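Welcome, and thanks for taking a look at this one.

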Amino acid sequence: MLRTRFTEEFGIDHPVVQGGMMFVGRAELAAAVSNAGGLGVITALTQPTPDDLAVEIERCKALTDKPFGVNITLTLSINPPPFEEYRRVIIDSGVGIVETAGSDPTVHIEHLKAHGVKVIHKCTSVSHALKAERAGADAISIDGFECAGHPGEDDIPGLVLIPAAADALTVPFIASGGFADGRGLAAALALGADGINMGTRFMCTAESPVHDNIKQMVVDSSERDTRLIMRQLRNSMRVSKNAVSDEVIEILQRGGRFRDIKELVAGVRGRRVFAEGDPELGVWSVGLSQGLIHDIPPAGEIVLRAVADAEATVSRIGRAITSGEPVGAPALTASGAQR
């Protein structure tokens with residue numbers, strides 16, 4: 001068993017976290033991850049109202065007696081969601097872990113911690129991670145350039161970002177972006193992280209609410225089949241390559257503004273992709289890790305497989321060091337086992 005500062009702090013068995021993905025982080029998926037010993041996460045804003053979130057939390061409690069968290073992504077918009085109401089529901093429901101992401105989480109961290117809730121803040125740079133640490137975050141989730149969704153504007157991949165975070169932070173942190181198996185978990189631990197966060201990998205599981213057509217498209221795609229859109233607007237977003245993302249890129253390259261792509265990138269269109277299974281209905285987030293995904297197993301199997309393969313990787317390297325044998329990394333089978 002891999003015990004880390006993160007597993008100890010958050011009361012879980014394995015240092016594997018399911019990303020709080022919009023339209024994906026629902027009760028069945030979060031419970032399956034938590035039941036396997038990882039940390040499952042419900043996405044608050046997937047639920048249309050705070051009352052709906054309360055119902056979803058109770059559904060998750062009925063499916064697991066293990067710790068799970070709730071993600072709140074703090075968006076900046078003209079008509080922001082009622083964050084305080086969502087936050088109140090989380091507190092009143094007795095959820096003990098919250099993942100914040102997006103804009104400055106200071107007020108939310110202060111309020112949540114005052115009610116005994118542990119907070120993980122997700123960010124894309126060491127400077128933002130340090131700010132969250134100073135604000136009282138109990139842990140950090142740091143997103144490398146490989147991630148789905150918003151990778152920030154610094155373009156720092158995990159191989160540099162993770163050890164940089166390890167050098168700077170004192171609280172536990174998990175690495176996010178580009179992780180899909182136990183080799184990645186072993187690498188993250190070696191670079192100084194206390195665990196990993198996987199989004200795209202958990203999107204392609206039996207319990208994920210994503211349409212089977214989209215799951216299969218991820219399995220069939222490679223690491224080259226994503227696009228970064230809205231770079232000119234300094235709101236970069238990694239999404240699947242399709243006709244819509246290509247159109248967004250073309251419009252902005254011609255000098256277009258947000259108003260010219262607003263309808264193309266609307267979240268309601270991404271929701272339809274996941275619900276209806278047509279990948280061309282809108283833009284939808286997926287990470288470079290899709291190139292490492294070759295099957296659609298139960299979510300709990302992903303957790304246990306990642307831990308077993310990470311332990312096998314560490315053992316193999318240890319044997320190579322003591323024996324002087326070459327350290328070549330074996331490939332994984334479709335089921336994730338090393339061969």
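**Charges and overall build**

Arg201, Asp295, Glu301 and Arg305 are joined to one another in a network of salt bridges. Keep in mind as you read that this is a predicted model.

**Overall build**

- The protein has 14 helices and ten strands.
- Along the principal axes, its C-alpha atoms fill a box of roughly 60 × 45 × 35 Å.
- A compact globule of 339 residues would have a radius of gyration near 20 Å, and the 19 Å of this protein agrees with that.
- Of the 339 residues, 54% count as buried.

- Lys61 pairs with Glu58 in a salt bridge, with 3.5 Å between the closest N and O atoms.
- Both residues belong to helix 3, where Lys61 and Glu58 are three residues apart, or about one turn of the helix.
- Lys61 has a relative accessible area of 36%, so it is partly exposed.
- Glu58 is partly exposed too, because its relative accessible area is 42%.

**Salt bridges between distant parts of the chain**

- Lys122 and Glu99 meet through their side chains in a salt bridge of 3.9 Å, N to O.
- This pair links distant parts of the chain, with Lys122 in strand 5 (residues 118-123) and Glu99 in strand 4 (residues 97-102), 23 residues apart.
- Are these two buried or exposed? Both Lys122 and Glu99 are buried.
- Asp246 forms a salt bridge with Arg227, and their closest N and O atoms are 3.9 Å apart.
- Here too the pair links distant parts of the chain: Asp246 sits in helix 11 (residues 243-253) and Arg227 in strand 9 (residues 226-229), 19 residues apart.
- Asp246 is partly exposed at a relative accessible area of 29%, and Arg227 is partly exposed at 26%.

- Phe258 is found in helix 12, which covers residues 258-261.
- With a relative accessible area of 39%, Phe258 counts as partly exposed.
- Phe258 and Arg227 are 31 residues apart along the chain, and 17 Å separates their C-alpha atoms.

- Which residues form the negative surface patch? The patch is made by Asp51, Asp52, Glu84 and Glu85.
- Helix 3 (50-63) and helix 4 (83-92) each supply at least two residues of this patch.
- Glu84 lies in helix 4, and it counts as exposed because its relative accessibility is 59%, where exposed means over 50%.

How values were computed. Residues numbered from 1 in each chain as written. Predicted model: local features only at pLDDT ≥ 70, side-chain atom pairs only at ≥ 80, totals over all residues. Heavy atoms only, no water. Patch = residues over 30% accessible without salt bridge, like charges linked within 9 Å, V, L, I, M, F, W, Y side chains within 5 Å. Areas by Shrake-Rupley, 256 points an atom, 1.4 Å probe, with all protein chains shown as cover. Salt bridge = Lys/Arg side-chain N within 4 Å of Asp/Glu carboxyl O. Lys, Arg positive; Asp, Glu negative; His and termini not counted. Charge placed at Lys NZ, Arg CZ, Asp CG, Glu CD. Helix = DSSP H or I, 4+ residues; strand = E, 2+ residues; numbered from the N terminus. Buried < 20%, exposed > 50% of the residue type's maximum accessible area, 1.4 Å probe, protein only. Rg over C-alpha atoms; globule rule 2.2 N^0.38 Å.
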